[in-house]
Amino acid sequence: MKYVYLIFAMLLLQVYSALGQKETEVQREYWAVYDLQKNTISNFEFFNTNYGMIGHDLSIGLAGAFWPRDSKNFYLFGGGFWFGAKKEIDGETKKIVTLTYNPSNGRFWFVPGSTKDSDTLEPDKYKKYRCYYSTDFYEQTGQVKDADDGPNWPYWITDTKKKYEFGMFKNEYVYDVDDRNPLSYTDGPLFVSDEDIVSIFKDTDLSQYRSDPDYLKSAGYPIGLQVESKIYSWGAGDLHDVVVQVYEIENISDDVIRDCWFSGVYDVEIGFYNQENRPSYSSDFVRYFDEDPSQNMVVAWSDASSKNADRGFGYMGLSFIETPAVDDEGFLRTDKLLYESSEQLGLVTAEVWNFVTDIRTSELRYDFISSGNKERNNYSEDIRSNIATGPFHLRPGEKASFAIAYVFAMPAKG
């Protein structure tokens with residue numbers, strides 16, 4: 001009889017737990033300095049980190065970007081960016097590249113946090129520099145719903161009297177967590193989409209590179225970058241199948257960073273999770289969308305003759321929707337608040353390569369993303385792709401903005 005009571009008690013506990021969870025549903029937990037979380041709103045379902053990697057489930061080392069939501073159809077094994085520059089070291093010009101995602105081994109060279117606190121990783125500040133999801137905060141006050149999660153929302157409106165030409169209030173990332181409140185910023189917090197995702201990270205901790213620090217310094221590292229990442233997503237309407245990621249990259253060094261290139265880098269994997277929760281990879285196509293160069297886009301899809309043919313896969317587009325505008329000398333323009341697409345650098349390089357030909361040195365990576373090639377790929381295999389823009393120069397304290405749209409659609413004929 002005691003086992004009957006025990007089973008009954010366990011059932012009651014489950015019921016009460018379920019009822020309580022509806023009232024105080026916890027979407028995520030923050031417990032590690034390297035944060036890995038999944039979004040909750042968009043039809044594009046993906047894992048995200050606070051050090052620049054997206055679409056990779058590091059907890060199991062597998063693909064972590066699905067469309068549509070709650071399906072087993074994945075599109076990315078992982079993604080991030082490469083940032084290249086030229087530096088004068090002992091009278092010699094060296095090409096160096098730092099990265100948030102290496103498709104060869106899944107590693108990254110950035111660490112969470114701000115250089116305003118330290119150049120190195122600070123594990124004790126893991127809640128301050130977690131992935132911030134707007135769905136975890138009160139929209140009117142910016143206050144965190146669960147006090148155990150950490151500080152309040154980081155972006156606050158600094159000027160409502162004069163909007164940007166595209167309707168956005170002036171705003172800033174507030175580093176002092178004590179100032180993240182309506183008393184310090186009377187116009188309140190800034191939220192853009194149905195679910196904003198914010199993180200901040202830096203390239204200045206040389207221990208993350210897993211190489212000899214003296215060698216790294218002689219090669220020109222670190223470049224000296226502070227990155228604010230903002231991801232925007234929507235739960236319904238025309239943007240239900242679109243996610244926009246904005247990187248604001250600041251030169252926090254004392255030198256002008258010259259001949260810079262920014263490249264989104266993606267390990268495209270279009271496949272289906274089988275019952276054993278293991279991916280069944282197929283052959284993929286990725287190519288530059290040269291039918292309309294103004295889209296600044298590459299398109300990926302699965303081989304129709306593969307075993308994924310009946311799984312309902314569609315197209316994934318990776319598109320630059322904002323790149324820098326530069327003057328005649330290559331420096332960032334500051335004469336306008338908004339630059340038309342024709343004034344921006346746009347997509348300059350769109351390369352496709354496979355795992356056999358992965359690029360493994362900084363000089364080759366720099367040459368690769370700055371090649372200016374736009375490849376129309378006509379073969380299918382396990383491949384990677386990029387969209388790159390440049391060149392541009394960054395003065396100390398300047399920020400360059402890059403916005404990438406992840407766009408999904410089904411084929412016109414089903």
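In the predicted model, the secondary structure of the chain comprises 3 helices and 22 strands. Of the 414 residues in the chain, 53% are buried. The accessible surface amounts to about 19500 Å², and carbon and sulfur atoms account for 49% of that area. When contacts between residues at least 6 apart in sequence are considered, 67% of them join residues that are at least 24 apart.

Leaving aside residues up to four places away in sequence, S319 touches Q295, N296 and M297, together with I387, A403, I404 and A405. The C-alpha atoms of S319 and M297 lie 4.1 Å apart in space, although the two residues are separated by 22 positions in sequence.

With regard to cysteines, a search of the whole structure returned 0 disulfides. A disulfide is a covalent bond between the sulfur atoms of two cysteines. C131 is buried, with a relative accessible area of 0%, and C260, also at 0% relative accessibility, likewise counts as buried.

The search of the whole structure identified 1 cavity of 30 Å³ or more, and the largest cavity holds about 30 Å³ of space. The lining of this cavity is formed by V33, P112, G113, L121, E122, K125, Y126, Y129 and K202, which by class gives 5 nonpolar, 1 polar and 3 charged residues.

The second largest pocket has a volume of about 440 Å³. Of the 21 residues lining this pocket, W109, Y215, Y221, T361 and S362 are the closest to its centre. Three elements, namely β7 (92-99), α2 (213-219) and α3 (362-369), each contribute at least two residues to the lining, with β7 giving the most, at 5 residues. The lining of the second largest pocket divides into 7 nonpolar, 6 polar and 8 charged residues.

Several features of the backbone were also noted. Most residues other than glycine have a negative phi, and most peptide bonds are trans. Against this background, the peptide bond from W67 to P68 is cis, with omega near -5 degrees, and P68 is placed in the loop between β5 (65-66) and β6 (73-89). A cis peptide bond also joins Y221 and P222, where omega is about -5 degrees; P222 belongs to the loop between α2 and β13 (225-233).

Positive phi values were found at two aspartates. D90, which is not a glycine, has a phi of about 55 degrees and lies in the loop between β6 and β7. With a relative accessible area of 81%, D90 is exposed, because this value is over the 50% cut-off. D259, also not a glycine, has a positive phi of about 50 degrees, but the place of D259 is within strand β15, which covers residues 257-273. The relative accessible area of D259 is 25%, so this residue is classed as partly exposed, between the cut-offs of 20% and 50%.

Key: Residues are numbered from 1 along each chain as its sequence is written. This is a predicted model: local features need pLDDT of at least 70, side-chain atom pairs count only at pLDDT 80 or more; totals for chains, interfaces and linings use all residues. Side-chain values use heavy atoms; hydrogens and water are left out. On a 1 Å grid over the protein atoms alone, a cavity is a set of points where a 1.4 Å probe fits but cannot get out, and a pocket is an open set with protein on both sides within 12 Å along at least five of seven lines; lining residues have an atom within 4 Å of a point. Grid points are joined across faces, edges and corners, and a volume is the space filled by probe spheres set on the points. Ala, Val, Leu, Ile, Met, Phe, Trp, Tyr, Cys and Pro count as nonpolar, Asp, Glu, Lys and Arg as charged, and the others, Gly among them, as polar. A disulfide is a pair of cysteine sulfur atoms within 2.5 Å. Buried means under 20% relative accessible area, exposed over 50%, partly exposed in between (1.4 Å probe, protein chains only). Helices (H or I, at least four residues) and strands (E, at least two) are DSSP runs, numbered from the N terminus. Contact means heavy atoms within 4.5 Å. Accessible areas come from the Shrake-Rupley method with a 1.4 Å probe; for residues, only the protein chains shown count as cover.
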